[in-house]
Amino acid sequence: MNSTEKPAVNFIKSIAVFCGSSDSNDEFIYSQAFELGRALANKNIDLVYGGSKLGLMGQVAKGALENDGLAFGIIPEFLKTKEIVHRELTELITTQDMHERKLKMHKMSDGFIMLPGGFGTFEEFFEILTWAQLGLHKKPIGILNTEGYYNDLLMMFNNMVTKGLLKKENLDLILVSDSVEILLDKMHNYESKVDTKWLTKNEQT
């Protein structure tokens, strides 16, 4: 980049958040989920998430809605019970299954953030990350590493690079911070370096 060129800017209008449906016994992790929702609302970024009122998922939605933000929930039919589903969202979208849910979240979002969570959070995050690695999208992917929750995972990623099982450029697809504001800023300025020349123009998004 020469001195006259401006850095790439992503005009992010919506972000999909992957996180746990449990509360966590760590009060700061619980509160940071709310803070992410609040920050998205304050920046006029729509929240796209799994549609639950429970746990960290519910807190992200609460943070957005209580600060005049928009929150779109996407939930498969088999999970849509009154004990789970959030009834006060901007819109609740029902899908046939988990795969359709992820496709819909991808379509509706300009970026993705993983908060602390369990197996389901990992499953959603790694599928969207794999799509980026394959060049199927160029949207920014972030990890909010609250209180070092993902330190061991990040260490594993670096070991994968060291052992020659992951390319450094693919590791660089992941943006990481323990600060909501810094992570959103990184996503705003993200530029994908993934080579998509083997994909057709219609397949690149």
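This is a predicted model: local features need pLDDT of at least 70, side-chain atom pairs count only at pLDDT 80 or more; totals for chains, interfaces and linings use all residues.
User: Good to know! What is the order of the strands in the open sheet?

Analyst: Helices (H or I, at least four residues) and strands (E, at least two) are DSSP runs numbered from the N terminus, and two strands pair if DSSP finds at least two bridges between them. The edge strands, each pairing on one side only, are strand 4 (91-95) and strand 7 (174-177). The seven strands of this open sheet pair in parallel, in the order 4-3-2-1-5-6-7.

User: How many degrees does the twist average from one strand to the next?

Analyst: Angles here run from 0 to 180 degrees between N-to-C directions, with axes as lines fitted to C-alpha atoms, for helices over the stretch in contact. From one strand to the next, the twist averages 25 degrees.

User: Which residue is the bridge partner of serine 14 in strand 2?

Analyst: Strand 1 and strand 2 are parallel partners, paired over three bridges. Between them in the β-α-β unit comes helix 1 (residues 27-42). In strand 2, serine 14 has as its bridge partner aspartate 46.

User: Where does helix 2 lie, and at what angle does it run to strand 2?

Analyst: Helix 2 (residues 55-65) lies across strand 1 (14-18), strand 2 (46-49) and strand 3 (71-76). Its direction relative to strand 2 is about 160 degrees.

User: Why is helix 2 described as largely enclosed by the rest of the structure?

Analyst: Buried means under 20% relative accessible area, exposed over 50% and partly exposed in between (1.4 Å probe, protein chains only). Contact means heavy atoms within 4.5 Å, and what covers the buried residues of helix 2 includes strand 1, helix 1, strand 2 and helix 3 (98-108). Helix 2 is largely enclosed because its buried residues number nine of the eleven.

User: At roughly what angle do the axes of helix 1 and helix 2 cross?

Analyst: Residues that meet across this pair include Ala33 and Gly37 in helix 1, and Val60 and Gly63 in helix 2. The axes come within 6 Å and cross at roughly 35 degrees.

User: Which residues does isoleucine 128 touch, not counting residues up to four places away in sequence?

Analyst: Isoleucine 128 lies in helix 4 (residues 119-133) and is buried, with a relative accessible area of 3%. From isoleucine 128 to histidine 106 is 22 residues in sequence and 7.7 Å in space, C-alpha to C-alpha. Leaving out residues up to four places away, isoleucine 128 touches Phe18, His106, Phe112, His137 and Ile141.

Methods:
Residues are numbered from 1 along each chain as its sequence is written. Side-chain values use heavy atoms; hydrogens and water are left out. A crossover is right-handed if, with the strands pointing away from the viewer, the path from the first strand over the helix to the second runs clockwise.
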